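Hi,

Here is the structure I said I would pass on. Have a look at it first, then read my notes below.

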Amino acid sequence: MRDDTPLPRPPLGPRHWPMWLALASMMVAARLPWTLQRLLGRGLGALAFALAGSRRRAAATNLDLCLPERSPAERATLLRDSFRDLGVGFLEFARAWWGDATPMRRTARIEGVEAIEAILAQGRGVLLVSGHFMTLEMCGRLMCDRLPLAGMYRRHRSPVFEWAVRRGRQRYAVAMFANEEVRPAIRHLKQGGILWYAPDQDMRGKDTVFAPFFGVPAATITATHQFARLSGCAVVPFFHRREGADYVLRLGEPLADFPSKDVAADTARVNAAIEAMVREAPSQYLWIHRRFKRRPDGEAPPYDN
């Protein structure tokens, strides 16, 4: 079920040259030794912490809302750690798209593949549900060594970056579907394929319900429920994290009795699964996303302007 449709020619006009230069820098960085990449990534993260004031404040607000049981000092440490992992993750993305994953393969631990293969043997598709972690791209590439994954993603505004990312991901994924390509994604699941999906961001304009995330109502897309309802696929949580220089990937148990007739309850179950993933590796989660920007009943968003 690999999608071998050739990509359109990339845009080469002068107005795209700055983006090509930025991509060239990322491609060079993707080929650096992994130890050096981690050191550079931590430095990039520290620089982002100092310069990205609005995103730093958004991340701090998210940590206050989601982890009130931690002390202010613990949340401040986690905030700094999350930016260091953000910087490392940036270089991980580049390496996953254009670099060599051999060093990661040597020590990666992947659990739960056999259960997925048993589901596929029944002719049933599998929806892998995860969250926006900084390890997602590298762990997606590592999992593709064991299972034929397709993915969903949000289109990029830059046509150069859109072309480059799709080209990079199609080195290892069997197909990539943009968020609006719902019918092809459902067809892929109906045909017994595996689709990797992260429904933990506020997708404006999509079908959403307010479901708890760390006990806070969050506007959450209902697509996981709809994919399962329309395709009959199994829904499996996909945990992944970095431990030092190594990676741990774990496929959980399929969600039982999913989907139900209650879309809000199903969406809450998905949020709970992602919350469990975050608690395993909190510094590696993308806290800079304004997850609670839409509020129920006209409440004011918790973020500054």
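Glu280 counts as partly exposed, because its relative accessibility is 35% and that label covers whatever falls between buried (under 20% relative accessible area) and exposed (over 50%), using a 1.4 Å probe and protein chains only. Its partner is Arg250: their side chains meet in a salt bridge (2.8 Å, N to O), meaning a side-chain nitrogen of Lys or Arg within 4 Å of a carboxyl oxygen of Asp or Glu. This pair links distant parts of the chain, with Arg250 in strand 9 (residues 246-251) and Glu280 in helix 11 (residues 263-280), 30 residues apart. Helices (H or I, at least four residues) and strands (E, at least two) are DSSP runs, numbered from the N terminus. Arg250 is partly exposed too, at 23%.

Before you go on: this is a predicted model, where local features need pLDDT of at least 70 and side-chain atom pairs count only at pLDDT 80 or more, while totals for chains, interfaces and linings use all residues. Residues are numbered from 1 along each chain as its sequence is written, and side-chain values use heavy atoms, leaving out hydrogens and water.

Back to the salt bridges, of which the structure holds 18. Another one joins Arg169 and Glu137, again at 2.8 Å, N to O. Arg169 sits in helix 8 and Glu137 in helix 7, 32 residues apart. Are these two buried or exposed? Arg169 counts as buried at 12%, and Glu137 is buried at 5%.

The largest pocket holds about 1400 Å³, and of its 41 lining residues the closest to the centre are Phe93, His132, His156, Gln201 and Leu286. A pocket here is an open set of points on a 1 Å grid over the protein atoms alone, where a 1.4 Å probe fits, with protein on both sides within 12 Å along at least five of seven lines; lining residues have an atom within 4 Å of a point. The volume is the space filled by probe spheres set on the points, which are joined across faces, edges and corners. Strand 3 gives the most to this lining, with five residues.

The second largest pocket has a volume of about 260 Å³. Its lining has 14 residues, with Val182, Lys206, Ile221, Ala223 and Phe227 nearest the centre. Helix 10 supplies the largest share, four residues.

Happy browsing!
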